[in-house]
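Biologist: I am new to this structure and would like to go through its contacts. Could you show it to me?

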There are 2 protein chains.
Amino acid sequence: MKDIELIQGIDISTEKEDLICYSYDASYAKGNIPEAVAWPKNTQEIARTVRWASNRGLKIIPRGAGTGMAGGAVPVNSNSVLISLERMKQILEINPKNFTATVEPGVINGDFQNELLIYELFYPPDPASLDYCTIGGNVATNAGGPRAIKYGVTRNYVMEVEVVLPNGDIVSFGGKTFKRVVGYELKELFIGSEGTLGIISKITVRVLPQPEEIVTLLISFKELDSAGQFIPKIIGTGIIPRTLEFLDSACLKLIEDNEKIGLPENTEALLLVEVDGELTSIKRQAEKIVDIARKFKGETKVAVDYYSRENLWRARRSISACIMKMKDKEKINIDISVPVENLSMALVKLRELSIASDIQVICFGHAGDGNIHVNILVNRDDEENRKKGFELAKKIFELTVSLGGAISGEHGIGITKKPYIDIQLSKKNIELMKAVKRVFDPKEIMNPGKIF
Amino acid sequence: MKDIELIQGIDISTEKEDLICYSYDASYAKGNIPEAVAWPKNTQEIARTVRWASNRGLKIIPRGAGTGMAGGAVPVNSNSVLISLERMKQILEINPKNFTATVEPGVINGDFQNELLIYELFYPPDPASLDYCTIGGNVATNAGGPRAIKYGVTRNYVMEVEVVLPNGDIVSFGGKTFKRVVGYELKELFIGSEGTLGIISKITVRVLPQPEEIVTLLISFKELDSAGQFIPKIIGTGIIPRTLEFLDSACLKLIEDNEKIGLPENTEALLLVEVDGELTSIKRQAEKIVDIARKFKGETKVAVDYYSRENLWRARRSISACIMKMKDKEKINIDISVPVENLSMALVKLRELSIASDIQVICFGHAGDGNIHVNILVNRDDEENRKKGFELAKKIFELTVSLGGAISGEHGIGITKKPYIDIQLSKKNIELMKAVKRVFDPKEIMNPGKIF
């Protein structure tokens with residue numbers, strides 16, 4: 001890398017120790033080591049780095065915190081520059097009068113949430129990795145989280161993005177008003193684009209007033225199917241819970257082994273249900289939920305204080321880490337999403353597929369919106385078993401699409417789901433996506449090897 | 001039109017009486033008479049008509065009910081075929097378990113709402129023209145309505161669209177799950193595309209459970225500025241009303257002259273505020289709103305029953321029609337949208353601009369989300385006065401953009417705002433939009449002369 005001096009002033013490294021750290025993410029995707037890693041500090045530095053890379057025929061891989069579950073930030077080519085946004089972590093504005101906030105892409109979701117608390121505001125998208133993941137990464141993957149059932153996903157909150165295109169041009173899309181119809185809403189293309197169209201350098205999101213109160217319920221079921229039937233029943237009453245999280249028995253055992261927080265025993269499915277709003281109103285909603293649960297033989301415990309609620313959430317968020325700790329197992333994690341009415345059937349069929357393949361799967365996820373995280377556990381360093389795992393993954397994707405679902409709910413396609421995308425999308429649809437990419441990235445240098 | 005026989009089986013007309021009816025919409029845009037009007041009955045018939053038109057080098061203009069306010073469905077070229085979707089009005093599915101519904105594009109918004117009532121569901125987007133406008137047209141313009149402040153706009157509800165592309169290909173974008181990240185979400189491009197990319201032939205939307213109860217408040221202010229300051233104060237309390245409609249004094253006089261429903265007198269600004277949810281909760285919210293209103297010298301009346309509420313809404317929805325009835329005036333209607341914090345300033349500056357231009361403007365709109373319908377009244381058949389009206393419009397657009405706003409909140413750009421689009425969008429942004437259009441419509445036959 002003899003040209004480094006040409007982008008002086010920008011923090012850049014070609015040291016192997018640095019490069020290795022940026023060759024993987026939280027998925028099982030195996031990447032290549034890039035030629036350089038750059039840490040721009042502002043939009044202009046991103047633009048200069050991008051132009052420099054483009055002129056040299058280098059590929060560009062943008063990266064937030066590397067918590068991605070699909071390999072979206074993993075370099076495929078070695079003739080590439082990885083652009084890490086982690087030094088662009090300023091919250092530029094929180095505007096409580098307009099219910100908007102503007103941040104740099106490297107702002108960590110949890111830090112942003114904490115800052116908003118001061119203004120009695122909150123930002124609904126809250127992926128389990130919120131203590132590490134960045135808002136830029138969240139936008140690039142259209143991240144969701146437990147609260148999506150009531151509040152929607154990242155797409156529903158992004159109002160404006162500033163983007164550095166692969167030729168170094170800086171363009172803004174969208175605006176700061178809740179209503180807007182001014183030509184094609186190109187910002188929507190960047191949401192979920194996994195860094196393949198340009199680099200998001202600034203983001204304005206909508207934020208909401210904090211709810212008055214939250215009630216947390218832990219409901220355990222002895223039968224998987226009862227839990228699956230219970231879920232649409234709640235929503236059918238008109239109650240839209242803040243969260244409706246699902247954990248299967250394998251998941252519960254794993255958490256209990258690692259965290260020992262005293263979860264209910266003899267349970268096939270555990271639901272973590274929260275309602276929020278005005279106190280009188282949510283008390284009544286909670287009572288209704290407990291009543292309905294009883295009809296499906298679900299037993300309810302109420303998390304009475306802030307501490308016990310946080311304890312539950314800590315346990316819930318630790319699942320991915322717990323699975324990673326299993327020394328003899330490697331996980332193939334996929335995050336399918338099905339229409340809520342098909343959730344029960346999906347869970348039952350998933351179990352059947354797991355038994356038929358003789359491969360363990362651990363399921364958890366956001367049951368209220370039909371988003372299930374399926375963790376396929378294969379034996380480490382056992383190529384034959386790994387192959388069987390991927391065959392099972394393919395069957396699960398086919399099942400998902402046959403149930404009207406999506407092969408990724410909130411993680412994105414990245415590298416790991418790319419081989420399966422044609423199960424979901426028609427050839428024509430993929431052709432159109434590729435043509436749209438060429439509009440923004442005619443030299444095809446932005447994050448190659450991802451999505452399609 | 002000698003080739004008509006080639007699309008036999010499809011209802012098509014070249015009769016002048018038919019053609020004239022399809023050469024205008026609800027805007028002041030003057031169009032051309034198309035060569036033919038077709039009324040396809042299903043997706044295949046749309047595709048056949050589109051291929052037929054494309055092969056003959058004819059332009060294609062899709063049209064819902066023609067209630068558009070920006071000329072989006074008005075033919076610019078005479079060598080064109082207008083495709084009316086009004087005979088595709090089947091509600092294909094209402095799925096209360098999955099909270100989705102699938103409709104043909106010609107389904108009338110109000111009919112759809114009525115059908116949903118049976119299932120105790122509702123579809124939030126409710127433009128004032130809901131008794132006439134179609135869901136297809138709503139998607140093409142990303143329509144909003146009074147409930148957008150709490151529930152968002154059409155974009156927030158469209159889950160999947162089936163589209164006939166200009167070459168006759170039929171493609172679906174999006175899906176039936178609430179979470180989905182599978183490549184670029186191309187459906188978003190069609191929302192608000194005003195018929196310039198393809199013809200939407202089927203739509204799946206998200207629907208919500210009906211709220212338990214609604215309370216309607218009518219709050220009158222003697223000062224425009226007090227009303228403007230009151231609005232952010234309400235939302236600042238954490239209450240998000242279902243609607244927060246604004247009418248200025250000129251507007252009130254017009255309604256009273258036409259409808260005589262006994263609106264408050266000596267009022268500079270009237271707000272129509274609704275809260276919905278559980279009864280106990282919204283009663284408390286309503287009380288809080290009345291308290292805050294009092295601090296800003298606003299006087300509140302409560303609409304006690306269904307009849308008086310509907311009466312108010314009928315009056316509110318009649319404004320556009322009332323303005324159209326003014327025999328000596330022609331209206332140049334624009335629907336700007338500003339960040340809520342700038343609403344008060346926008347209203348004051350609008351009045352200043354009106355006085356300085358000596359042109360009357362009537363303002364009403366969706367104050368909660370910053371969307372104001374500005375009706376510029378010019379003397380009919382007075383070219384000089386009309387010119388002054390358009391100069392005022394331009395100044396209002398410049399004011400809007402300087403306040404961080406959008407030149408169209410929910411009507412779209414169509415023909416009428418096309419001359420002003422560069423006030424809003426950068427050259428680069430427009431170039432990218434044009435390039436995206438060419439991906440879907442390389443022969444540039446879809447609804448030419450619109451947006452840019």
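Biologist: How much area do domain 1 of chain A and domain 4 of chain A bury between them?

Modeller: In this predicted model, the two domains bury about 900 Å² between them, with 63% of it on carbon and sulfur atoms. A:Tyr28, A:Met69 and A:Ala70 supply 76% of the area that domain 1 of chain A buries against domain 4 of chain A, more than any other three residues.

Biologist: How many salt bridges and polar contacts are there between those domains?

Modeller: The count of salt bridges between domain 1 of chain A and domain 4 of chain A is zero, while two residue pairs are in polar contact. On the side of domain 1 of chain A that touches domain 4 of chain A, six residues are nonpolar, three are polar and none is charged.

Biologist: Turning to the two chains, how much area is buried between chain B and chain A?

Modeller: About 6,300 Å² is buried between chain B and chain A, and carbon and sulfur atoms give 62% of that area. B:Lys179, B:Val181 and B:Tyr184 supply 16% of what chain B buries against chain A, more than any other three residues.

Biologist: Which residue does B:Lys179 meet in a salt bridge?

Modeller: Its partner is A:Glu410, at 3.0 Å from N to O. Across the interface of chain B and chain A there are 10 salt bridges, and 29 residue pairs are in polar contact.

Biologist: Which element gives the largest share of the side of chain B that touches chain A?

Modeller: That is α15(B), with nine residues. By class, this side of chain B has 33 nonpolar, 30 polar and 17 charged residues.

Note on methods:
Residues are numbered from 1 along each chain as its sequence is written. Chains are lettered from A and ligands numbered from 1 in the order in which they are written. This is a predicted model: local features need pLDDT of at least 70, side-chain atom pairs count only at pLDDT 80 or more; totals for chains, interfaces and linings use all residues. Side-chain values use heavy atoms; hydrogens and water are left out. Buried area is the accessible area (1.4 Å probe) that two parts lose on being put together, summed over both. A salt bridge is a side-chain nitrogen of Lys or Arg within 4 Å of a carboxyl oxygen of Asp or Glu. A polar contact is a pair of N or O atoms within 3.5 Å; within protein, one must be able to donate a hydrogen and the other to accept it, and residues adjacent in sequence count only if both atoms are side-chain atoms. Ala, Val, Leu, Ile, Met, Phe, Trp, Tyr, Cys and Pro count as nonpolar, Asp, Glu, Lys and Arg as charged, and the others, Gly among them, as polar. Helices (H or I, at least four residues) and strands (E, at least two) are DSSP runs, numbered from the N terminus.
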